[in-house]
Amino acid sequence: MPYETLLTDIADDVFTLTFNRPEVLNAFNDQMAEEVQDALKKAERDEGVRCLVLTGAGQGFCAGQDLGALQGRGASVSFREHLQRTYNPVISKLRSIEKPVIGQINGAAAGAGLGIALACDLRYAAAGAKFRMAFSGIGLAPDSGTSLFLPHLIGYARAYEMAITNEPLLAEEAARMGLVNKVFPADQLAAAVRALATKLAQAPTKAFGLTKRAMNKAFAVSIDQALDYEAHLQEIAGKTADYREGVAAFLEKRAPRFKGK
Ligand code: LHQ
């Protein structure tokens, strides 16, 4: 398939999607958001796909929004619209696709990239992979489903702590907390995921899809309601001076000076 920001592959009924912007740890630009949506829709429709694997090329899994690309678009961007057009459909699709989705977390997962990792059904991670909320680092509120999935996985206090300290969590600790299913040495991760994915793809995947539907239903707030509410809050956070300062400081590689405004 002719994607510029992704690699895709189908083998043994397993669809593998690899984010492929390794120079920015596979951070998202708009093109990548469009291409991921297209690839997921096709994988959902394709009866020859019975399990999905998401991973990243190079050192990272996905660093969320490409801050350079966003900065280049000036102050007029509506974050609500941005989220509704980019990450929200991706997260929503990952949850509604009735086939198991495995996150092969080869490296850092941050911001919307963490949201994508958490929206997968299972996470197998490379030893040392970093999980970071990242939003508060640039003066923003959580989006991409992180406000819903993270407290469910690790409990409110640890989720809120991760959000406000912005400290990265390493794969080993993430596994102890229940955020990651299993950790592997980096050079064994792909083989472990492949073994699991090929096994799942030959299993009763219709029942697996219904299991996912049932467990989605058990969220007190629906996934789409949570995504809409996040987009509303991010519209507010995106208009603050702290957000502008946070992104400028990141790109200038200096510590931010936040004012709480
Ligand atoms: C990057 C990025 C990046 C560009 C690393 N962009 N270059 C979107 C927009 C609208 C509304 C609000 O919501 C959203 C959703 C979001 O995702 S907002 C959050 C955006 N993401 C971040 O703020 C993450 C920032 N990055 C990090 O925290 C760290 O880089 C992580 C934890 C991902 C990785 O840490 P390290 O392994 O220590 O790598 P590094 O920091 O040295 O980064 C390696 C390179 O990647 C570096 O470039 P360089 O030229 O120096 O090698 C970074 O500048 C670049 N990079 N993230 N998001």
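Mentor: At least two lining residues of the largest pocket are supplied by each of α2 (67–71), α3 (79–85), β5 (109–110), β7 (130–132) and α12 (241–251); helices (H or I, at least four residues) and strands (E, at least two) are DSSP runs, numbered from the N terminus. The model is a predicted one, in which local features need pLDDT of at least 70, side-chain atom pairs count only at pLDDT 80 or more, and totals for chains, interfaces and linings use all residues. Residues are numbered from 1 along each chain as its sequence is written, and side-chain values use heavy atoms, with hydrogens and water left out.

Five residues, the largest share of this lining, come from α12. A pocket here is an open set of points on a 1 Å grid over the protein atoms alone, where a 1.4 Å probe fits, with protein on both sides within 12 Å along at least five of seven lines; lining residues have an atom within 4 Å of a point. Of the 39 lining residues, Ala63, Leu67, Ala110, Ala134 and Phe250 lie nearest the centre. By class, the lining holds 24 nonpolar, nine polar and six charged residues, where Ala, Val, Leu, Ile, Met, Phe, Trp, Tyr, Cys and Pro count as nonpolar, Asp, Glu, Lys and Arg as charged, and the others, Gly among them, as polar.

The second largest pocket has a volume of about 410 Å³, and α10 gives the most to its lining, with five residues.

How values were computed:
Grid points are joined across faces, edges and corners, and a volume is the space filled by probe spheres set on the points.
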